[in-house]
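Hello,

Here is the structure I promised to pass on. Please open it first, then read my notes below.

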Amino acid sequence: MRFKLGVKRWLLIAGILSQPLVNAKEVVFSISPTICIVNKMGEPCTMTVNVNWQTPNAGDYCLYQDTEQLTCWQNTASIATRLNIHLQQNMVFSLREQNTILAQKQIRVNASAPRKFRRKLRAQWSVF
Amino acid sequence: MLKYLALLCCFITYTAIASCHPDSDSCAPVSQWQFSIALGGGVHTNPLNGGDNIPLVLVPSVSYYGENLFFDNGLLGYSLLENERLVFSAVTQLNQEKAYFTRWHPKNIFVVSMNNAFHGAAKESIDINQVDDRDWALDAGGQVNWFIEQHTDVMAKLLWDVSSVYQGYTGELSVNHRVTVPFIEHSQLSFGLGAQVNSRKLVNYYYGVEQQDSLFTQITFKGKTSINPVFHVKFTKAISTQWRLSFYWKRKLLDANTANSPLINSSQIDTVFLGMEYAF
(Lines give C-alpha, C1' and ligand atoms only; values in the text may rest on other atoms or scores of the structure.)
Protein backbone atom coordinates (compact mmCIF):
# COMPACT_ATOMS: atom_id res chain seq x y z
CA MET A 1 0.00 0.00 0.00
CA ARG A 2 2.77 2.32 1.03
CA PHE A 3 4.65 1.34 -2.13
CA LYS A 4 1.64 2.09 -4.35
CA LEU A 5 1.12 5.50 -2.76
CA GLY A 6 4.78 6.25 -3.32
CA VAL A 7 4.53 5.37 -6.98
CA LYS A 8 1.46 7.56 -7.41
CA ARG A 9 3.20 10.43 -5.70
CA TRP A 10 6.23 10.05 -7.96
CA LEU A 11 4.02 9.83 -11.04
CA LEU A 12 2.26 13.03 -9.96
CA ILE A 13 5.57 14.86 -9.44
CA ALA A 14 6.90 13.56 -12.75
CA GLY A 15 3.70 14.69 -14.46
CA ILE A 16 3.98 18.21 -13.02
CA LEU A 17 7.65 18.47 -13.91
CA SER A 18 7.15 17.24 -17.45
CA GLN A 19 4.21 19.58 -18.15
CA PRO A 20 6.21 22.57 -19.53
CA LEU A 21 8.39 20.20 -21.56
CA VAL A 22 5.36 18.55 -23.17
CA ASN A 23 3.92 21.97 -24.01
CA ALA A 24 7.23 23.16 -25.37
CA LYS A 25 7.40 20.09 -27.58
CA GLU A 26 3.98 20.76 -28.97
CA VAL A 27 4.82 24.30 -30.01
CA VAL A 28 5.89 24.46 -33.62
CA PHE A 29 7.83 27.59 -34.52
CA SER A 30 9.74 28.32 -37.69
CA ILE A 31 11.22 31.41 -39.20
CA SER A 32 12.88 31.55 -42.59
CA PRO A 33 15.26 32.38 -44.07
CA THR A 34 17.65 32.10 -41.14
CA ILE A 35 20.54 33.93 -42.79
CA CYS A 36 20.60 37.57 -43.80
CA ILE A 37 23.26 38.53 -46.33
CA VAL A 38 25.00 41.92 -46.28
CA ASN A 39 27.85 43.29 -48.37
CA LYS A 40 30.12 43.57 -45.38
CA MET A 41 29.78 42.84 -41.69
CA GLY A 42 28.35 45.66 -39.63
CA GLU A 43 25.98 46.86 -42.33
CA PRO A 44 22.29 46.84 -41.32
CA CYS A 45 20.29 43.99 -42.85
CA THR A 46 16.63 44.29 -43.82
CA MET A 47 14.58 41.39 -45.14
CA THR A 48 11.14 39.79 -45.15
CA VAL A 49 10.82 36.52 -43.27
CA ASN A 50 8.15 33.86 -43.15
CA VAL A 51 6.95 33.28 -39.61
CA ASN A 52 4.95 30.16 -38.81
CA TRP A 53 3.90 28.93 -35.41
CA GLN A 54 1.37 26.61 -33.92
CA THR A 55 0.42 25.97 -30.31
CA PRO A 56 -1.90 23.36 -28.75
CA ASN A 57 -4.16 26.01 -27.25
CA ALA A 58 -5.33 29.39 -28.46
CA GLY A 59 -3.85 32.21 -26.41
CA ASP A 60 -2.05 35.55 -26.41
CA TYR A 61 1.39 35.14 -27.97
CA CYS A 62 4.10 37.62 -28.94
CA LEU A 63 7.09 37.52 -31.25
CA TYR A 64 10.30 39.05 -29.88
CA GLN A 65 13.51 40.08 -31.59
CA ASP A 66 16.07 39.66 -28.80
CA THR A 67 14.31 41.65 -26.03
CA GLU A 68 12.23 43.82 -28.33
CA GLN A 69 8.60 42.92 -28.88
CA LEU A 70 7.81 42.89 -32.62
CA THR A 71 4.15 41.88 -32.75
CA CYS A 72 1.45 40.10 -30.73
CA TRP A 73 -1.55 37.95 -31.50
CA GLN A 74 -4.62 37.56 -29.26
CA ASN A 75 -6.54 34.34 -28.75
CA THR A 76 -4.71 32.63 -31.60
CA ALA A 77 -3.45 29.06 -31.96
CA SER A 78 -1.53 29.29 -35.23
CA ILE A 79 -0.08 31.89 -37.56
CA ALA A 80 1.53 31.92 -40.97
CA THR A 81 2.62 35.41 -41.86
CA ARG A 82 5.39 37.52 -43.36
CA LEU A 83 7.29 40.19 -41.45
CA ASN A 84 9.88 42.83 -42.29
CA ILE A 85 12.83 42.68 -39.93
CA HIS A 86 15.95 44.78 -39.42
CA LEU A 87 19.09 43.50 -37.80
CA GLN A 88 22.81 44.33 -37.69
CA GLN A 89 24.14 41.20 -36.05
CA ASN A 90 23.07 37.65 -35.21
CA MET A 91 19.75 37.85 -33.42
CA VAL A 92 17.43 35.46 -31.59
CA PHE A 93 13.70 35.55 -32.40
CA SER A 94 11.38 34.02 -29.85
CA LEU A 95 7.72 33.20 -29.46
CA ARG A 96 6.56 34.09 -25.96
CA GLU A 97 3.47 33.74 -23.89
CA GLN A 98 3.67 36.52 -21.32
CA ASN A 99 7.27 36.17 -20.15
CA THR A 100 7.67 32.49 -21.00
CA ILE A 101 9.74 31.65 -24.05
CA LEU A 102 7.95 28.85 -25.90
CA ALA A 103 10.37 28.51 -28.82
CA GLN A 104 13.19 30.43 -30.40
CA LYS A 105 15.26 30.57 -33.59
CA GLN A 106 18.38 32.47 -34.52
CA ILE A 107 18.86 34.54 -37.66
CA ARG A 108 22.50 35.01 -38.58
CA VAL A 109 24.04 37.91 -40.47
CA ASN A 110 26.65 36.88 -43.01
CA ALA A 111 28.80 38.97 -45.33
CA SER A 112 28.47 38.14 -49.04
CA ALA A 113 32.20 38.47 -49.55
CA PRO A 114 34.85 37.94 -46.91
CA ARG A 115 36.24 41.27 -45.82
CA LYS A 116 39.78 42.10 -46.73
CA PHE A 117 40.68 44.38 -43.84
CA ARG A 118 39.76 44.78 -40.23
CA ARG A 119 40.75 47.17 -37.51
CA LYS A 120 43.71 46.42 -35.32
CA LEU A 121 42.73 45.97 -31.71
CA ARG A 122 46.02 46.86 -30.07
CA ALA A 123 46.91 50.54 -30.15
CA GLN A 124 50.52 50.25 -29.19
CA TRP A 125 53.20 49.47 -31.64
CA SER A 126 55.26 46.30 -31.17
CA VAL A 127 55.43 44.42 -27.89
CA PHE A 128 55.90 47.59 -25.83
CA MET B 1 30.40 71.66 -18.03
CA LEU B 2 26.99 70.46 -19.25
CA LYS B 3 27.57 72.36 -22.49
CA TYR B 4 30.78 70.40 -23.11
CA LEU B 5 29.07 67.10 -22.27
CA ALA B 6 26.24 67.89 -24.71
CA LEU B 7 28.82 68.76 -27.37
CA LEU B 8 30.64 65.49 -26.71
CA CYS B 9 27.38 63.52 -26.99
CA CYS B 10 26.61 65.18 -30.35
CA PHE B 11 30.13 64.42 -31.53
CA ILE B 12 29.87 60.78 -30.53
CA THR B 13 26.37 60.35 -31.96
CA TYR B 14 26.66 62.08 -35.28
CA THR B 15 30.21 61.60 -36.44
CA ALA B 16 30.51 59.42 -39.50
CA ILE B 17 30.70 55.74 -38.66
CA ALA B 18 34.26 54.50 -38.58
CA SER B 19 35.45 52.41 -41.47
CA CYS B 20 38.66 50.56 -42.06
CA HIS B 21 40.85 52.23 -44.64
CA PRO B 22 43.35 49.77 -46.15
CA ASP B 23 46.17 52.33 -46.11
CA SER B 24 45.63 53.17 -42.48
CA ASP B 25 48.12 52.08 -39.88
CA SER B 26 45.20 51.00 -37.71
CA CYS B 27 43.94 48.40 -40.22
CA ALA B 28 45.23 44.91 -40.88
CA PRO B 29 44.66 42.57 -43.84
CA VAL B 30 42.43 39.67 -42.83
CA SER B 31 44.01 36.20 -42.64
CA GLN B 32 47.53 37.38 -43.33
CA TRP B 33 50.51 37.36 -41.02
CA GLN B 34 52.27 40.69 -40.82
CA PHE B 35 55.93 40.91 -39.88
CA SER B 36 58.06 43.96 -39.55
CA ILE B 37 61.37 44.76 -37.98
CA ALA B 38 62.61 48.16 -36.93
CA LEU B 39 66.29 49.03 -36.84
CA GLY B 40 67.37 52.06 -34.88
CA GLY B 41 68.09 53.27 -31.37
CA GLY B 42 66.07 53.58 -28.22
CA VAL B 43 65.54 52.34 -24.70
CA HIS B 44 62.90 50.77 -22.49
CA THR B 45 63.72 51.85 -18.95
CA ASN B 46 63.52 49.49 -16.00
CA PRO B 47 62.32 51.11 -12.77
CA LEU B 48 63.75 48.41 -10.48
CA ASN B 49 66.89 48.62 -8.38
CA GLY B 50 69.38 46.37 -10.14
CA GLY B 51 67.08 45.90 -13.13
CA ASP B 52 68.43 46.27 -16.64
CA ASN B 53 67.29 48.97 -18.99
CA ILE B 54 66.52 47.41 -22.33
CA PRO B 55 68.27 49.07 -25.24
CA LEU B 56 66.17 48.92 -28.39
CA VAL B 57 68.16 48.18 -31.51
CA LEU B 58 66.11 45.60 -33.38
CA VAL B 59 62.42 45.73 -32.60
CA PRO B 60 60.21 43.03 -34.10
CA SER B 61 56.48 43.28 -34.67
CA VAL B 62 54.23 40.29 -35.43
CA SER B 63 50.50 40.29 -35.93
CA TYR B 64 47.74 38.20 -37.46
CA TYR B 65 44.09 39.12 -37.83
CA GLY B 66 41.62 36.43 -38.91
CA GLU B 67 37.87 36.90 -39.15
CA ASN B 68 37.63 36.57 -35.37
CA LEU B 69 40.91 35.27 -34.05
CA PHE B 70 43.82 37.68 -33.73
CA PHE B 71 47.34 37.85 -32.42
CA ASP B 72 49.02 41.20 -32.09
CA ASN B 73 52.46 41.36 -30.51
CA GLY B 74 51.78 39.13 -27.55
CA LEU B 75 48.05 39.74 -27.29
CA LEU B 76 45.98 36.72 -28.35
CA GLY B 77 42.26 37.28 -28.74
CA TYR B 78 38.98 36.21 -30.25
CA SER B 79 36.42 38.81 -31.25
CA LEU B 80 33.04 37.67 -30.00
CA LEU B 81 30.99 40.56 -31.23
CA GLU B 82 31.88 43.11 -33.86
CA ASN B 83 30.03 45.92 -35.55
CA GLU B 84 30.98 49.21 -37.13
CA ARG B 85 31.81 50.86 -33.82
CA LEU B 86 32.27 48.22 -31.17
CA VAL B 87 34.38 45.11 -30.87
CA PHE B 88 34.14 42.82 -27.83
CA SER B 89 36.96 40.30 -27.56
CA ALA B 90 38.15 37.62 -25.18
CA VAL B 91 41.90 38.11 -24.81
CA THR B 92 44.91 36.65 -23.09
CA GLN B 93 48.51 37.76 -22.68
CA LEU B 94 51.54 37.34 -20.49
CA ASN B 95 51.64 39.84 -17.67
CA GLN B 96 54.42 42.33 -18.44
CA GLU B 97 55.49 43.10 -14.86
CA LYS B 98 57.75 40.07 -14.64
CA ALA B 99 59.76 41.40 -17.60
CA TYR B 100 61.46 43.90 -15.28
CA PHE B 101 62.78 41.02 -13.19
CA THR B 102 64.09 38.93 -16.08
CA ARG B 103 66.07 38.93 -19.26
CA TRP B 104 63.91 36.32 -20.98
CA HIS B 105 60.74 38.20 -21.78
CA PRO B 106 59.88 38.08 -25.52
CA LYS B 107 60.56 41.78 -25.68
CA ASN B 108 64.08 41.22 -24.39
CA ILE B 109 65.14 38.68 -26.98
CA PHE B 110 66.38 41.01 -29.65
CA VAL B 111 68.45 43.26 -27.41
CA VAL B 112 71.60 43.13 -25.34
CA SER B 113 72.01 43.89 -21.65
CA MET B 114 72.70 47.37 -20.35
CA ASN B 115 72.94 48.26 -16.66
CA ASN B 116 70.35 50.56 -15.20
CA ALA B 117 71.78 54.04 -14.84
CA PHE B 118 69.12 55.39 -12.48
CA HIS B 119 70.27 55.54 -8.88
CA GLY B 120 68.77 58.75 -7.65
CA ALA B 121 66.32 57.43 -5.06
CA ALA B 122 66.75 58.72 -1.55
CA LYS B 123 64.45 56.16 0.09
CA GLU B 124 65.64 52.85 1.45
CA SER B 125 66.15 50.53 -1.44
CA ILE B 126 66.42 46.83 -2.10
CA ASP B 127 68.04 45.34 -5.16
CA ILE B 128 65.96 42.77 -7.09
CA ASN B 129 68.80 40.30 -6.64
CA GLN B 130 68.19 40.45 -2.86
CA VAL B 131 64.59 39.23 -3.04
CA ASP B 132 62.91 36.03 -4.15
CA ASP B 133 62.35 35.67 -7.86
CA ARG B 134 58.92 36.54 -9.26
CA ASP B 135 57.05 34.20 -11.61
CA TRP B 136 55.44 34.80 -14.98
CA ALA B 137 51.68 35.18 -14.90
CA LEU B 138 49.15 34.59 -17.66
CA ASP B 139 46.25 37.00 -17.73
CA ALA B 140 42.93 36.52 -19.48
CA GLY B 141 39.75 38.52 -19.70
CA GLY B 142 37.82 40.85 -21.94
CA GLN B 143 38.59 43.81 -24.15
CA VAL B 144 36.32 46.41 -25.68
CA ASN B 145 37.37 48.61 -28.59
CA TRP B 146 35.11 51.51 -29.32
CA PHE B 147 35.77 53.26 -32.64
CA ILE B 148 34.22 56.67 -32.11
CA GLU B 149 35.19 57.80 -35.57
CA GLN B 150 37.84 57.05 -38.15
CA HIS B 151 40.64 58.72 -36.22
CA THR B 152 39.61 58.21 -32.60
CA ASP B 153 39.06 55.11 -30.55
CA VAL B 154 38.79 53.98 -26.97
CA MET B 155 40.16 50.71 -25.65
CA ALA B 156 39.25 49.12 -22.31
CA LYS B 157 40.68 45.86 -21.09
CA LEU B 158 40.19 43.93 -17.86
CA LEU B 159 42.24 40.81 -17.22
CA TRP B 160 42.57 38.36 -14.36
CA ASP B 161 45.51 36.21 -13.45
CA VAL B 162 44.42 32.77 -14.64
CA SER B 163 47.74 31.18 -13.67
CA SER B 164 47.21 31.84 -9.93
CA VAL B 165 50.55 33.58 -9.63
CA TYR B 166 49.53 36.91 -8.14
CA GLN B 167 45.78 36.13 -7.95
CA GLY B 168 44.61 39.60 -8.83
CA TYR B 169 43.59 41.65 -11.84
CA THR B 170 44.94 44.30 -14.15
CA GLY B 171 43.09 46.72 -16.38
CA GLU B 172 43.75 49.32 -19.02
CA LEU B 173 41.79 52.22 -20.42
CA SER B 174 43.08 54.43 -23.23
CA VAL B 175 41.91 56.97 -25.77
CA ASN B 176 43.81 57.03 -29.04
CA HIS B 177 43.73 59.66 -31.75
CA ARG B 178 45.43 59.77 -35.15
CA VAL B 179 46.11 62.79 -37.35
CA THR B 180 47.98 63.38 -40.59
CA VAL B 181 50.80 65.87 -40.29
CA PRO B 182 50.35 68.93 -42.50
CA PHE B 183 53.10 69.49 -45.09
CA ILE B 184 54.61 66.02 -44.51
CA GLU B 185 53.34 63.55 -47.07
CA HIS B 186 52.47 59.97 -46.13
CA SER B 187 52.87 60.69 -42.45
CA GLN B 188 50.77 59.96 -39.41
CA LEU B 189 50.92 61.12 -35.83
CA SER B 190 49.06 59.19 -33.17
CA PHE B 191 48.53 59.96 -29.52
CA GLY B 192 47.32 57.78 -26.72
CA LEU B 193 46.30 58.80 -23.25
CA GLY B 194 45.12 56.41 -20.60
CA ALA B 195 45.76 54.54 -17.42
CA GLN B 196 46.67 51.09 -16.23
CA VAL B 197 45.06 49.71 -13.08
CA ASN B 198 46.88 47.07 -11.09
CA SER B 199 45.16 45.31 -8.23
CA ARG B 200 46.55 45.26 -4.70
CA LYS B 201 47.49 41.60 -5.11
CA LEU B 202 49.40 42.26 -8.31
CA VAL B 203 51.35 45.18 -6.81
CA ASN B 204 51.96 43.20 -3.66
CA TYR B 205 53.25 40.14 -5.49
CA TYR B 206 55.65 41.92 -7.83
CA TYR B 207 56.67 44.96 -5.79
CA GLY B 208 55.85 44.02 -2.22
CA VAL B 209 58.64 43.04 0.16
CA GLU B 210 58.00 40.57 2.96
CA GLN B 211 60.22 40.01 5.96
CA GLN B 212 61.11 36.56 4.69
CA ASP B 213 61.47 37.86 1.13
CA SER B 214 64.83 39.42 1.81
CA LEU B 215 67.59 38.05 3.99
CA PHE B 216 69.56 41.29 3.75
CA THR B 217 67.21 43.86 5.20
CA GLN B 218 64.36 44.43 7.64
CA ILE B 219 62.46 46.64 5.21
CA THR B 220 58.94 45.54 4.31
CA PHE B 221 56.48 47.00 1.81
CA LYS B 222 52.87 46.16 1.10
CA GLY B 223 51.51 47.23 -2.27
CA LYS B 224 48.10 48.75 -2.80
CA THR B 225 45.82 49.11 -5.82
CA SER B 226 47.60 51.40 -8.25
CA ILE B 227 46.48 53.57 -11.13
CA ASN B 228 49.35 54.33 -13.46
CA PRO B 229 48.73 57.07 -16.07
CA VAL B 230 50.15 56.26 -19.52
CA PHE B 231 50.86 58.52 -22.47
CA HIS B 232 52.23 57.59 -25.86
CA VAL B 233 52.98 59.32 -29.12
CA LYS B 234 54.00 57.75 -32.39
CA PHE B 235 55.07 59.35 -35.63
CA THR B 236 55.53 57.46 -38.90
CA LYS B 237 56.48 58.59 -42.35
CA ALA B 238 56.33 56.12 -45.22
CA ILE B 239 59.45 56.24 -47.38
CA SER B 240 58.38 53.45 -49.72
CA THR B 241 55.84 50.63 -49.66
CA GLN B 242 58.04 48.65 -47.29
CA TRP B 243 60.21 51.18 -45.46
CA ARG B 244 59.06 53.82 -43.09
CA LEU B 245 60.56 56.13 -40.51
CA SER B 246 59.20 55.56 -37.01
CA PHE B 247 59.44 57.47 -33.78
CA TYR B 248 57.77 56.17 -30.65
CA TRP B 249 57.65 57.47 -27.10
CA LYS B 250 55.64 56.03 -24.28
CA ARG B 251 55.72 57.12 -20.65
CA LYS B 252 54.09 55.33 -17.76
CA LEU B 253 53.91 57.15 -14.42
CA LEU B 254 53.84 54.81 -11.46
CA ASP B 255 51.28 55.42 -8.74
CA ALA B 256 52.84 56.10 -5.32
CA ASN B 257 51.24 52.84 -4.15
CA THR B 258 53.70 51.09 -6.45
CA ALA B 259 56.54 53.62 -6.71
CA ASN B 260 57.06 53.67 -2.93
CA SER B 261 58.26 50.08 -3.07
CA PRO B 262 61.90 49.81 -1.98
CA LEU B 263 62.44 47.73 -5.13
CA ILE B 264 61.66 50.74 -7.32
CA ASN B 265 64.01 53.63 -7.94
CA SER B 266 62.12 55.54 -10.61
CA SER B 267 58.47 56.49 -10.68
CA GLN B 268 58.30 56.52 -14.45
CA ILE B 269 58.94 54.02 -17.22
CA ASP B 270 59.91 55.33 -20.64
CA THR B 271 60.02 53.62 -24.00
CA VAL B 272 61.69 55.69 -26.70
CA PHE B 273 62.65 54.55 -30.16
CA LEU B 274 63.69 56.19 -33.41
CA GLY B 275 64.47 54.07 -36.43
CA MET B 276 63.55 52.64 -39.78
CA GLU B 277 60.90 49.97 -39.97
CA TYR B 278 60.78 47.35 -42.70
CA ALA B 279 57.54 45.49 -43.40
CA PHE B 280 57.94 42.02 -44.95
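**Between the chains**

Across the interface of chain A and chain B, ten residue pairs are in polar contact, both residues of each pair being at pLDDT 80 or more. Keep in mind that this is a predicted model.

How many residues does each chain bring to the contact? Chain A gives 18 residues and chain B gives 48 residues.

The size of an interface is often given as the accessible area lost when the parts come together. Here, about 3200 Å² is buried between chain A and chain B. Carbon and sulfur atoms give 56% of that area.

Now look for charges. The count between the two chains, A and B, is one salt bridge. Find the side chains of B:Glu82 and A:Arg118. They meet in a salt bridge, at 3.7 Å from N to O.

**Chain A by itself**

Chain A has 128 residues, and 34% of them count as buried. It has one helix and seven strands. What order do they come in along the sequence of chain A? The pattern reads α-β-β-β-β-β-β-β.

Chain A exposes about 8300 Å². Carbon and sulfur atoms supply 53% of this. Next, take the contacts in chain A with a separation of 6 or more. Residues 24 or more positions apart account for 54% of them.

**A patch on chain B**

Turn to the surface of chain B. B:Leu69, B:Leu76, B:Tyr78, B:Leu80, B:Leu81 and B:Phe88 form a nonpolar patch there. Together they have about 540 Å² of accessible area.

Which strand gives the most to this patch? Strand S5 of chain B does, with four residues. That strand covers residues 75-82.

B:Leu81 is one of the patch residues, and it lies in strand S5.

**A loop on chain B**

Last, find B:Pro262. It sits in the loop of chain B between helix H3 (256-259) and strand S13 (268-279). Is B:Pro262 buried or exposed? B:Pro262 counts as buried because its relative accessibility is 3%, and the cut-off for buried is under 20%.

Then look for B:Ile126. B:Pro262 and B:Ile126 are 136 residues apart in sequence. In space, their C-alpha atoms are 5.4 Å apart.

Best wishes

Technical notes. Residues are numbered from 1 along each chain as its sequence is written. Chains are lettered from A and ligands numbered from 1 in the order in which they are written. This is a predicted model: local features need pLDDT of at least 70, side-chain atom pairs count only at pLDDT 80 or more; totals for chains, interfaces and linings use all residues. Side-chain values use heavy atoms; hydrogens and water are left out. Patches are made of residues with over 30% relative accessible area and no salt bridge: like charges are joined within 9 Å, nonpolar side chains (Val, Leu, Ile, Met, Phe, Trp, Tyr) within 5 Å. Accessible areas come from the Shrake-Rupley method with a 1.4 Å probe; for residues, only the protein chains shown count as cover. A salt bridge is a side-chain nitrogen of Lys or Arg within 4 Å of a carboxyl oxygen of Asp or Glu. Helices (H or I, at least four residues) and strands (E, at least two) are DSSP runs, numbered from the N terminus. Contact means heavy atoms within 4.5 Å. Buried area is the accessible area (1.4 Å probe) that two parts lose on being put together, summed over both. A polar contact is a pair of N or O atoms within 3.5 Å; within protein, one must be able to donate a hydrogen and the other to accept it, and residues adjacent in sequence count only if both atoms are side-chain atoms. Buried means under 20% relative accessible area, exposed over 50%, partly exposed in between (1.4 Å probe, protein chains only).
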